[in-house]
Amino acid sequence: MRFIQLFLVGYFVLVVGIGLALWQSGMLSHVAPVWIGIGVLVALGIGIMLAVSSGKPTLTEEVRK
């Protein structure tokens with residue numbers, strides 16, 4: 001499994017865990033469904049951006065003459 005895939009899996013598990021904790025505590029009943037959807041989309045976007053930015057590092061090669 002590549003690093004970027006593992007990072008995304010871990011991030012989604014974290015987001016689902018936070019969502020379940022908010023649901024169990026009753027916090028989600030006070031928020032409109034539209035805002036819940038917007039928050040999920042933002043969290044997914046941030047996760048994808050973090051995974052891409054922390055993905056495979058770029059390697060530079062020295063050119064020998």
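Helix H1 contributes six residues to the lining of the largest pocket, the largest share. The model is predicted, with local features requiring pLDDT of at least 70 and side-chain atom pairs pLDDT 80 or more, while totals for chains, interfaces and linings use all residues. Residues are numbered from 1 along each chain, and side-chain values use heavy atoms, without hydrogens and water.

Both H1 (3-25) and H2 (33-53) supply at least two residues of this lining; helices are DSSP runs (H or I, at least four residues) numbered from the N terminus. The largest pocket holds about 240 Å³ of space. A pocket is an open set of points on a 1 Å grid where a 1.4 Å probe fits, with protein on both sides within 12 Å along at least five of seven lines, and lining residues have an atom within 4 Å of a point. Among the lining residues are Phe-12, Leu-22, Ile-36 and Ala-43. By class, the lining has 10 nonpolar, two polar and no charged residues, Gly being counted as polar.

H2 has 21 residues and reaches 30 Å from its first C-alpha to its last, close to the 30 Å expected at 1.5 Å a residue. In H2, Ala-43, Gly-47 and Ala-51 are buried (under 20% relative accessible area; exposed is over 50%, partly exposed in between, with a 1.4 Å probe). These three cover an arc of only 65° around the axis, which puts them on the same side of H2. Exposed residues on the other side of H2 include Trp-35, Leu-41 and Met-49.

One aromatic pair is found in the whole structure. Tyr-11 and Phe-12 are arranged edge-to-face, at 6.2 Å centre to centre and 65° between the planes (ring centres within 6.5 Å, planes over 60 degrees apart).

How values were computed
Rings of Phe, Tyr and Trp (its six-membered ring) pair if their centres lie within 6.5 Å; planes under 30 degrees apart count as stacked, over 60 as edge-to-face and the rest as tilted. Grid points are joined across faces, edges and corners, and a volume is the space filled by probe spheres set on the points. The expected span of a helix is 1.5 Å times one less than its number of residues. The arc is that of the directions from the helix axis to the C-beta atoms.
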